[in-house]
Amino acid sequence: MAVGRSAFSSDTIVIKSPNDKRLYRFIRLHNGLSALLVHDPEIYPDGFPLPSLDNGDHPTEEDDGDDLVDDEDCDDGDEFDEDEDEDEDEDENEEIHEEEEEIEDGGSEKRSKGKRNSAQTKKAAAAVCVGMGSFSDPVEAQGLAHFLEHMLFMGSADFPDENEYDSYLSKHGGSSNAYTETEHTCYHFEVKPEFLKGALRRFSQFFISPLVKADAMEREVQAVDSEFNQVLQSDACRLQQLQCHTSSGHPLNRFFWGNRKSLVDALEKGVDLREYILRLYKNNYHGGIMKLVVIGGESLDVLESWVLELFNNVQKGPQLKLEPRKEASIWEAGKLYRLEAVKDVNILDLSWTLPCLHNDYLKKSEDYLSHLLGHEGRGSLLFFLKAKGWVTSISAGVGDEGMHRSSFAYIFGMSIHLTVSGLEKIYDIIGFVYQYLKLLRQVCPQEWIFKELQDIGNMEFNFAEEQPQDDYAAELAENLIFYPAEHVIYGDYAYEVWDEEMIKFILDLFSPQNMRVDVVSRFVNMPQGCQFEPWFGSRYIVEDISPSLLECWQNPSEIDSSLHLPLKNEFIPCDFSIRADTAPNNHAKFSSPRCIIDEPWMKLWYKLDTRFKLPRANAYFRVTFKGGYDNVKSCLLMELFIYLLKDELNEIIYQASVAKLETSLSVFSDKLELRIYGFNDNLPLLLSKVLATIKKFSPMNDRFKVIKEDMERTLRNANMKPLSHSSYLRLQVLCTSFWDVEEKLSVLSDLSLTDLKAFAPELLSQLYIEGLCHGNLLEGEAINISHIFRRNLTVQPLPIELRHEEYVICLSASANLVRDVAVKNKLETNSVVELYFQIEQEKGSGAGITRLKALLDLFDEIVEEPLFNQLRTKEQLGYVVECSPRLTYRVFGYCFIVQSSKYNPLYLQERIDNFINGLEDLLNELDAESFENYRSGLMTKLLEKDPSLTYETNRFWNQIVDKRYLFDLSEKEAEELKCITKADIVDWYNTYLRKSSPTCRRLAIRVWGSNFDPKRAKIEREPVQVLEDIAAFKASSLIYQSI
């Protein structure tokens, strides 16, 4: 029952895009809590469902609408995964991405349970942002705010079971997440819409009556420690902690992550952690500093009544006033810090301390400067320093992390990635930075540049793509901390006030006396007397920068004539008309792409967007080259060619990206994937420039040396993280064509520009292109795009027999394979077990695929949360505990993965096996109601609306890339699920996962952390086939035929 009325309520205060159909109401409760209620009309497009029993007052499991079964929306987000500054840019080439996994040989694999896959309905979501974070940690218990965040998930007075919240969300197609920043902590979830109130009931208790049980605290200390161990070998995190460690006397001088040592040491010093946590909670978790966002399909009145009912008992407190705070300077001036890197990286990091600019968000003066200092066009610092062969990339600006954007200060950073020769020119590079800063002072701030940024901000605001609901809820809740209610959406986009004097004021703060210099490299000669950062154990040295050099930088004697302001951006769009408004009516009946060109040289798919109606389009192409993957040498030469091409295109691509027209070029075996996406007005212009460059491109020796060095560095850095290493090793076993990283590195060292120039003409002599044009484009415009290809790439078509096909090893009946490998990084203490079960190859193009996929996905839906609860929450094996279906070149599999710094791989595998063996009881004991919840939850996920054009395009594109062309696969799978019973799932489990079954085929990849000896694998308790000679194993194995 609703409790009273709001202290304040307004339906008109929030400024929103004219294209945003959602309704917003801002309210404030009498306890001080501010809430933004969002009615999304697309959640229940056909009208509200019948009220669930959960609209009553009883917080019992039976009352949460479990009897409602329909085919609506939902999604299974990441596991509880708090914010962490996980990895730096150079990790991109070795990451395993959810939509498509790319290993160094270009091989690909997909998780078979897609997210946000179809167009039926949407999810509900909520978030709470509390205006308190790690700056509130007591010195004697560092990491306490983060630990408190963990503990709120561990049960409340009304819902004492530790996994009640996660279990409820899992059963009803939902997920949750949380993160702790320096000055705020954010919690958010999403769920099937008719279960929103039940989820809110459980969620609200985080902020009213958490139990903070002593036994749960002991286990969650290990979870915090495991999370810290995830980032222990991250160079980005090591640098951040060094900057904190050396900020003596400043609030930054903290250890924000927390770990077992920081928390257990506090206990040993007599600190009562539970008392400290409860005190931190009582002092800070009150309505005055809480911001709530609820997104649902119900009316604003209903959502408001729920918030009043469920959050009225949050402790009352004064309103948060986010005022800038004065502090002493963060770092000592005139120092250079050299940090020993884990990876093969060379990074020059420059930081300047600015005052807090929270209240000047309408001016965005710091963004004006980041636009210029991080520019990549002609006349920019990057363009100039790349020409010298010293630098490969520059990023500049105030970071989004709380450390860089706090009430104490804004920290403006420049991260400059160096070549080996650039590492020797650090002081020269800094000198050129100050030359460019002097140029900016001389020419004065330019209003036309600000106007460009303003135009881009306005068009992004007016035509913003929707995000997933939980991401949007979290973003809005965080924005309520920083912006007044009217600008909770608009604030991020607003360039309202041109303030030349403010820009000049900030520019004057870019002085050598206000600059911190960090160099991160493996090539740092550490003397005997080097220092150690205490939490990460990183080695570093501090050098004095000579006063004469600081004086020289303060006022450079000259400015190189190659440095100048950017030219006006020709890619900023002018035409925002919507093609669907003028297209023939018959386009509306096509829910999937149509093939409009099917020729030996090109196959082109097309779909006009009639749903989102934004001036955006996505054009994706895969260009297959001749002989690009015949052997390791051709593979490397093709990669060199593409990376050199990207380097040549950088100026054009960057200018377009500033105008929100993006380009990506990626290599997949013998294919170049070219994606151009964003505002459609200048898409043909950009494509023309890209293809014209390809047509006339001839690599030069100076850039060849730099790109080759960068490729070598990427290969040396590959597989440094145990999780990506384990996936790499698994695919190396399963895929017939897989060029090993070490082999690639060896061959690459001998390749020359002469080799590349001899190879390129043959590579480009025959091509095959398959593409998709989707969005705000008429069919004629899509055909014109095909003509741009024809005009620029006039070569013969590549026959199908010359196109590379990947084949997958078919594991033998009852296979029980093991591969043991030590971690690549000798300081890495994390071990990983990845236990893979090979299921079957996709069969046919219809019912066979959908049934197999439905069984796999429903099994995953049922076991995912129990696995996490058992191995992570209860046993605390490690921070990463997950399972998921896998699709490797259309061969289904299923993986269980655990990463741990505490236990060796033999023990981890034993615990995984124990869980798998126990699944028989779990499945047999699953009652009909629970099974139906899981099934309907999965159906909801499958039928969830794509939140944006980009999600829809990617869904279509995955079907094209896999050559399956089942654009309605999700709907078909949802329909198939109606016929699947619990007995089918039990049978599937017994067939593929029970060791006694001949169709149970296992491959265990075990990556051994440096604190364990892989030789212990010899004490294996059961018969296994140990894989040592991978080439011999593949040669003696059967393979699946290509589909």
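1. Ser1037 counts as buried, because its relative accessibility is 19% and the cut-off for buried is under 20%. The model is predicted.

2. Ser1037 sits in a loop, with helix 30 (1030–1035) on one side and strand 31 (1038–1039) on the other. The side chain of Ser1037 reaches the backbone oxygen of Phe1033 at 2.6 Å. Leu811 is 226 residues from Ser1037 along the chain, yet the two C-alpha atoms are separated by 7.2 Å.

3. Helix 18 covers residues 683–696, which is 14 residues. From first C-alpha to last, helix 18 reaches 20 Å, close to the 20 Å expected at 1.5 Å a residue.

4. The buried residues of helix 18 are Leu683, Leu686, Leu687, Val690, Leu691, Thr693 and Ile694. Seen down the helix axis, these buried residues fall within an arc of 155°, so they line one face of helix 18. Lys695 and Lys696 are exposed on the other side of helix 18.

5. Two domain annotations come from an unreviewed UniProt entry. UniProt lists residues 274–454 as "Peptidase M16 C-terminal"; in the model this span is 38% helix and 22% strand, and its end C-alpha atoms lie 49 Å apart. UniProt lists residues 858–957 as "Coenzyme PQQ synthesis protein F-like C-terminal lobe"; this span is 61% helix and 19% strand, with its end C-alpha atoms 24 Å apart.

Terms used: Residues numbered from 1 in each chain as written. Predicted model: local features only at pLDDT ≥ 70, side-chain atom pairs only at ≥ 80, totals over all residues. Heavy atoms only, no water. UniProt positions renumbered as here; feature names shortened; annotations may be inferred. Helix = DSSP H or I, 4+ residues; strand = E, 2+ residues; numbered from the N terminus. Buried < 20%, exposed > 50% of the residue type's maximum accessible area, 1.4 Å probe, protein only. Polar contact = N/O pair within 3.5 Å; in protein donor to acceptor, adjacent residues only side chain to side chain. Expected span 1.5 Å × (residues − 1). Arc of directions from axis to C-beta.
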